[in-house]
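Subject: Structure handover

Hello,

Here is the structure you asked about. Please open it next to this email and follow along.

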Amino acid sequence: MFGILASIIDGVLVGLVYGLAAMGLTLIWGVMDVINLTHGMMIVAGMMGLYLLAGAFDISPYFTLPPVLIGGFFVGVALYWIAVHRMMGRPPLMSLLSTFSVNLILVGLGTAIWGTALFNVNVSLPGVTIDRYTFPGAHILAAALAAVIAGLLYLFLHYTRLGKALRAVANNREAAELVGIPTTRVLAIAVGCGVALAGVSGMLIGTLFPFTILSGDGYQLKSFVVTVLGGFGNPVGALLGGVALGLLEGAVTPFVPVSWTLVIEFALFVLVLIAFPGGVFVSRRGAL
């Protein structure tokens with residue numbers, strides 16, 4: 001029984017990182033009703049940023065978090081002007097196809113440069129041993145950093161002028177324009193923040209598991225599951241959804257082969273869509 005409980009706790013730790021990844025996806029959706037299909041590749045970009053920076057400068061993997069965060073923000077702003085800005089006000093399928101096209105370009109460039117080789121970043125941190133089970137230090141630190149970043153995002157959205165502008169645009173873009181909020185600039189910042197969160201989550205995931213250029217698809221699908229659990233446009237719900245997904249993974253891992261985990265997750269995805277189309281953890285106050 002303790003082994004099962006330990007697996008669940010470890011799953012929750014990883015689930016916090018999943019929740020952070022989904023927060024980037026749901027933030028963009030909540031502000032502009034756009035589903036970013038480059039999300040998985042941006043997670044991989046964070047992983048590669050970790051691998052390249054830690055190797056080039058021989059530094060602790062966690063020191064790569066600030067440059068990955070800042071770089072992800074500027075990549076997101078560029079993504080907005082390249083793939084999203086001209087699609088605003090058009091049918092949702094247009095933005096889907098636009099971001100999907102950019103994703104294919106990035107995947108093609110990544111595989112052309114690095115192929116599909118497996119990358120691994122060595123992280124040496126002492127774990128916490130209870131009874132006969134050791135909780136890896138990397139998992140604990142990644143979960144703690146994810147929780148701190150999620151908390152900072154919450155404070156940013158609710159207690160800063162720019163964060164309030166983001167929420168105003170999400171709730172009523174036309175009214176926000178009438179009171180003088182530069183909505184185009186705010187939308188660009190929203191995409192920048194969403195991509196930055198995806199990049200940082202990828203950097204944290206890269207300290208936990210090996211990865212390839214094609215790893216983004218799996219994490220993007222997990223982000224969709226988490227976002228559906230939390231409700232589109234609800235960052236706090238996304239974090240709770242990530243914890244729920246991690247708890248599920250931890251609970252089923254001792255009993256079924258790993259290959260069945262995705263099957264169970266997507267069965268949950270369908271059930272939630274049917275029973276709770278607005279999300280399980282969605283706030284009554286609405287998005288953001």
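Start with Asp 58, which lies in the loop between H2 and helix H3 (65–84). Helices here are DSSP runs of H or I with at least four residues, strands are runs of E with at least two, and both are numbered from the N terminus. Asp 58 is exposed, at a relative accessible area of 72%. Exposed means over 50% relative accessible area, buried means under 20%, and partly exposed is in between (1.4 Å probe, protein chains only). Asp 58 is not a glycine, yet its phi is positive, at about 50°.

Before you go further, a word on the source. This is a predicted model, where local features need pLDDT of at least 70 and side-chain atom pairs count only at pLDDT 80 or more, while totals for chains, interfaces and linings use all residues. Residues are numbered from 1 along each chain as its sequence is written, and side-chain values use heavy atoms, with hydrogens and water left out.

Asp 33 is another residue to check. Its loop runs between helix H1 (2–32) and helix H2 (39–57). Asp 33 has a positive phi of about 55°, although it is not a glycine. Asp 33 is exposed too, with a relative accessible area of 52%.

Now the whole protein. It has eleven helices and two strands. Along the sequence the pattern reads α-α-α-α-β-β-α-α-α-α-α-α-α. The radius of gyration is 19 Å, close to the 19 Å that the globule rule gives for 288 residues, so the protein is as compact as a globular protein of that length. That radius is taken over C-alpha atoms, and the rule is 2.2 Å times the number of residues to the power 0.38. Along the principal axes, the C-alpha atoms fill a box of roughly 60 × 45 × 35 Å. Of the 288 residues, 48% are buried. The accessible surface is about 13700 Å², and 70% of that belongs to carbon and sulfur atoms. Areas come from the Shrake-Rupley method with a 1.4 Å probe; for residues, only the protein chains shown count as cover.

Contacts come next. Contact means heavy atoms within 4.5 Å. Among contacts between residues at least 6 apart in sequence, 79% join residues at least 24 apart.

Helix H9 (residues 216–230) packs against helix H11 (residues 261–275) at an angle of about 35°, with the axes 10 Å apart. The axes are lines fitted to C-alpha atoms over the stretch in contact, and angles run from 0 to 180 degrees between N-to-C directions. On the H9 side, the contact residues include Phe 224, Val 225 and Val 228; on the H11 side, they include Phe 266, Phe 269 and Val 272. The contact residues divide into eleven nonpolar, no polar and two charged. Nonpolar covers Ala, Val, Leu, Ile, Met, Phe, Trp, Tyr, Cys and Pro; charged covers Asp, Glu, Lys and Arg; the others, Gly among them, are polar.

Leaving aside neighbours within four places in sequence, Thr 227 is in contact with Ala 22, Leu 25, Thr 26 and Phe 232.

Last, Asn 122. It sits in the loop between helix H4 (92–114) and strand E1 (128–130). Asn 122 is exposed, with a relative accessible area of 69%. Asn 122 and Thr 207 are 85 residues apart in sequence, and 7.3 Å apart in space, C-alpha to C-alpha.

Best wishes
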